Amino acid sequence: MALESQILQYIFAGITVGSIYALIALGFVVIHNVTGIVNFAQGDFAMLGALIAVTLTEKTPIFNRVFVAEFKLPLPVGIALAVLITAAIGAAFYLLAIRPAKGASIISLIIITIGAHFAFQGAALIIWAADPYSLPRFTSGGPLEIMGAILTRQNLWVIGVTIMLLVLLYLFFERTMLGKALRACAINRTAARLMGIDINRMALLSFALSAAIGAMAGIVITPANSMSYGDGTFLSLKGFVAAILGGMNSATGAVIGGLVLGVLETLGAGMLSSG
């Protein structure tokens with residue numbers, strides 16, 4: 001492979017990986033903007049969304065192979081349900097763990113999210129064991145060749161979902177009253193409360209929304225990379241770095257940070273050393 005094609009291949013791979021980091025970073029940004037909390041369980045929402053989608057659509061052994069789940073729902077239905085269930089888990093996490101700690105310091109709340117990470121990981125290990133799981137590819141057909149570099153159809157899905165979610169979030173925050181209420185909480189929670197905005201409701205919505213975004217990230221990468229109970233740690237770390245690179249307060253910045261991180265990572269591993 002020519003050097004130009006090799007570099008282009010690394011860039012394609014970096015954009016794909018960076019899109020995943022961007023989706024996780026978007027979840028960080030949504031929660032941080034409304035509550036000021038850095039949710040280190042964000043990657044676990046991706047892991048849970050993917051494994052729930054697998055369980056709903058594929059024959060799946062659970063609870064140490066004691067039971068076998070055979071829902072076998074159509075893939076689009078299973079994905080939609082998995083996103084909704086994960087959003088409900090995110091909302092329950094807020095109601096059961098974050099809201100009762102109202103008045104605690106931000107550091108204390110962040111420590112709660114770290115504890116939740118281990119709880120989600122442990123629950124996933126009990127239910128799905130340590131086996132990796134995968135979903136069928138969303139689109140059949142061979143990869144695309146562009147200037148000597150290969151781009152798979154699933155990679156296009158990853159990039160497309162990232163762009164779609166960024167556009168939808170922009171429209172939600174800029175064009176809807178609910179989105180503007182969330183933005184008001186991000187700018188000044190005290191002033192938002194004085195204007196009649198329910199701060200607790202907005203925080204609940206932010207956790208549900210970020211969990212849904214995380215679930216979409218996990219689901220869209222599972223056909224290509226598979227998913228297991230421990231992958232949330234890696235995703236949380238990379239998503240957090242991407243969010244910091246993007247400024248932690250901007251959805252667009254989160255996407256740019258994820259793409260930059262992904263491209264630097266693949267170019268560094270390919271041109272220098274994976275170490």
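D131 counts as partly exposed, at 25% relative accessibility. The cut-offs: buried is under 20% relative accessible area, exposed is over 50%, and partly exposed is in between, with a 1.4 Å probe and protein chains only. Before I go on, this is a predicted model, where local features need pLDDT of at least 70, side-chain atom pairs count only at pLDDT 80 or more, and totals for chains, interfaces and linings use all residues. Residues are numbered from 1 along each chain as its sequence is written, and side-chain values use heavy atoms, with hydrogens and water left out.

Which residue does D131 meet in a salt bridge? R65, at 2.7 Å from N to O. A salt bridge here is a side-chain nitrogen of Lys or Arg within 4 Å of a carboxyl oxygen of Asp or Glu. D131 sits in the loop between α4 and β3, and R65 in the loop between β1 and β2, so the pair ties together parts 66 residues apart in sequence. Helices (H or I, at least four residues) and strands (E, at least two) are DSSP runs, numbered from the N terminus. R65 is exposed, at 56%.

N64 is exposed, with a relative accessible area of 62%. Now back to the loop between α4 and β3 (144-146), where A129 is found. A129 also has a positive phi, about 60°, and is not a glycine.

How many salt bridges does a search of the whole structure find? Four. One of them joins E265 and K238, with the closest N and O atoms 2.4 Å apart. That pair links distant parts of the chain: E265 is in helix α10 (residues 251-272) and K238 in helix α9 (residues 231-246), 27 residues apart. E265 is partly exposed at 28%, while K238 is buried at 15%. E174 forms a salt bridge with R183, and there the closest N and O atoms are 3.5 Å apart.

Last stop, the inside. Is Q42 buried or exposed? Buried, with a relative accessible area of 0%. Q42 belongs to helix α2 (residues 42-57). Leaving aside neighbours within four places in sequence, Q42 has contacts that include I24, F28, S210 and S236. Contact means heavy atoms within 4.5 Å.

That's my tour. Over to you.
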